[in-house]
Amino acid sequence: MLLAVWRYRHFILSAIWNDLRTRFNRSRLGAIWLILQPLAQSAIYALILSRVLAARLPGINSQYAYVIYLLAGMLAWSLFAEVVMRCLTIFVDNSNLMKKIVFPRMCLPLVVSGSALVNNLFLLVATLGIYLLIGNEPTWTWLWLPVLIAITLAFALGLGLVLGVLNVFIRDVAQVMVVVLQLWFWLTPVVYMASVLPGPAHALMHLNPMYQMVTAFQETLLWGHPPSIKGLIGVAMLSVLLLGMSLLLFRRSSADMVDVL
Amino acid sequence: MSAPVLKIEKLGKAFREYGMEWQRMLSWFGFTQAPASEHWVLRHVNFEVRAGEAVGIVGQNGAGKSTLLKLVTGTLRPTEGSVRVAGRIAAILELGMGFNPDLTGRQNVRYSAGLMGMSAAQIEQAMPCIEEFAEIGDYFDQPIRTYSSGMQMRVAFSVVTAIRPEVLIVDEALSVGDAYFSHKSMARIREFREQGTTLLIVSHDSTAIQALCDRAILLDSGSLLKDGPPEEVMDYYNALIAAKENASVQVTRHDSGRAQTISGSGEAVVESIGLFNSVDQPVEFVNVGEQVRLRVRVGVREPIARLVFGYMIKDRLGQPVFGTNTFHTRQTVEKVEAGQIIEYIIAFPMNIGPGSYSISTALVSSDTHLVDNYEWRDLALMFTVANADRDYFVGIAWVPPAIEVHCKERCVQ
């Protein structure tokens, strides 16, 4: 399986490249939109919510702290949401190819991961740029970022692919997930701080894997603290479990899959 | 005999519907669930194809041809039985798949070729050939959305056939595109064949099958009905279409060793048929251009509202050379009584090239044999055309030439 993917490495790279190219092919600003879109979104949240929440951001006096906090959370969330949403419809969207050409199916999620990573990298660079621009010093904890991104990606892929396989047979899954993801976003402390929640709700939040990831991003980017190892290991284990499940599910269903696509 | 490139054993494919999708999901994990409905598209199919063979697959719509091709390509998984292929398969199933309209021809070629498993180096190496074969000039570096469908087809065909595959699967794609390119692509397919590629062709075009294939397979409602020389299978297939009108199909071995197919409901039959020369002697060998008469005696067994007689001269590959019927010549016979004998005398010059030919006859009620087919008789008569007194020529038609040679400069004639 891995060997087949290795043979197709050039295809995967060119598919990622095509994916990015087509997205902005006919727009004037091209790849700049990759950064502009999430930045604009963060700017909206910052504008609306900073007045309300900035005062409650303890420990940091900078008035821009909230913006960094928001961007750090968005960094984790946007990677997660993009990969989950694209994996959900990955087989349905590529049904044409799956019905006509034999190629390692493994390429599809890899292409999605690759193009999501590139998007995320742009946003990361922009975030770090803003961080430095407003007069902060880089910290050693930034070195945690590749690990955090990898775990977030793995979790999103695992969850997305399990649901993606189910979605081939029950198309309602994708529809439901659109709503679920929105709810999930608000259940994760991206725009607010977990500490504003009352005690029991705060305890429950620890069960949310994305809480672990989002806070880890915030800790390393904003506060300069190392993330909670315990939380990370938990999410990593969950991701491995989900990835294993998705692989098993895909293997078992692949004979039926093309029939119903 | 070389080893089989493709071996299909007890192949079957069923599409299953479940009342609830979770029942299907349980079935993946070994909990057997009875599906709500099970539809076998293909079952008990066995055949082998050897290296370098060209096999045509024919059958009516829904006979399972496309499913068979998809199983061979590997996009569909068999429900039972197995498909074994030795070597690389390329499939021209539906051209232009996976093309992204916003990318240029070159970028799309890179993508599709990668999808087919070619490495970056192979693609770069093949790129000039692909560009040259497609012959679309500067459009190659323009977005695909600006292409005509013919141009897309050209690029797609060029990519799929960039590297000679061990097995090439062609599904109805031969007739697509302009005449020039379709000739060019046929030439490439032939070239592959000569180099040892095995061909698997699905087509409704019997001429294409007979011209390209040395074997044909007839599928009917999911099972393999006939496997043999293309001419024989195509005759049987034609008879089968006609036989849908509850008539019989009968295949006998002709004296020449070829199979003769007779079908029809039998209200009228050809009792005798003969070819006669200008002095009314029956002939089997005819000179090119000789005036001959075809005499056919038809016996009527049951009353018929209208009788049309048709005949067709076919070459040794079974391809039509000439054919017409009395519907087109406005000579139908109305209200025929049982017991009547009708004689048809057809005079024509034998303006066809040297070779062996056969005549098929049809007794029908309109211009096709699909409405009422009283009798359809393949290989009703065989004859040979020889070139006794004309200058040497090749081809199946005798088109008498008058060649004038004018020397403008001094030359020796």
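How many of the 261 residues in chain A are buried, as a percentage? Buried residues make up 34% of chain A, where a residue is buried if 20 or more other C-beta atoms lie within 10 Å of its own, exposed if 12 or fewer, and partly exposed in between, with C-beta atoms placed from the backbone.

Before going on, a word about the model. It is predicted, so local features need pLDDT of at least 70 and side-chain atom pairs count only at pLDDT 80 or more, while totals for chains, interfaces and linings use all residues. Residues are numbered from 1 along each chain as its sequence is written, and chains are lettered from A and ligands numbered from 1 in the order in which they are written.

**The two chains**

Chain A has twelve helices and zero strands, whereas chain B has eight helices and 20 strands. Here helices (H or I, at least four residues) and strands (E, at least two) are DSSP runs, numbered from the N terminus. In chain B, 37% of the 413 residues count as buried.

Two residues are in contact if their C-beta atoms, placed from the backbone, lie within 7 Å. Among contacts in chain A between residues at least 6 apart in sequence, 80% join residues at least 24 apart. For chain B, residues 24 or more positions apart account for 72% of the contacts with a separation of 6 or more.

**Where the chains meet**

Contacts link 26 residues of chain A with 26 residues of chain B. On the chain A side, helix 2 (9–23), helix 6 (95–100) and helix 12 (229–260) each supply at least two residues. That side of chain A divides into twelve nonpolar, seven polar and seven charged residues; Ala, Val, Leu, Ile, Met, Phe, Trp, Tyr, Cys and Pro count as nonpolar, Asp, Glu, Lys and Arg as charged, and the others, Gly among them, as polar.

Helix 4 of chain A has 24 residues and reaches 35 Å from its first C-alpha to its last, close to the 34 Å expected at 1.5 Å a residue; the expected span is 1.5 Å times one less than the number of residues. Of its 24 residues, 21 are buried, so helix 4 of chain A is largely enclosed by the rest of the structure.

The largest nonpolar core has 153 residues, and B:Ile169 and B:Ile201 have the most contacts inside it. Such a core is a set of buried Ala, Val, Leu, Ile, Met, Phe, Trp, Tyr and Cys residues joined through C-beta atoms within 7 Å. Its largest share, 18 residues, comes from helix 4 (residues 65–88) of chain A.

**Strand 15 of chain B**

Eight of the eleven residues of strand 15 (residues 304–314) of chain B are buried, so this strand is largely enclosed by the rest of the structure. The table shows its partners; two strands pair if DSSP finds at least two bridges between them.

| Partner of strand 15 in chain B | Bridges and direction |
|---|---|
| Strand 16 (residues 320–325) | five bridges, antiparallel |
| Strand 17 (residues 333–336) | three bridges, antiparallel |
| Strand 19 (residues 355–364) | seven bridges, antiparallel |

B:Tyr311 has B:Thr324 in strand 16 as its bridge partner, B:Arg306 stands opposite B:Glu334 in strand 17, and B:Ile313 stands opposite B:Ile359 in strand 19.

B:Gly310 belongs to strand 15 of chain B and is buried, with 21 other C-beta atoms within 10 Å. Not counting residues up to four places away in sequence, B:Gly310 touches residues including B:Gly323, B:Thr361 and B:Val364.
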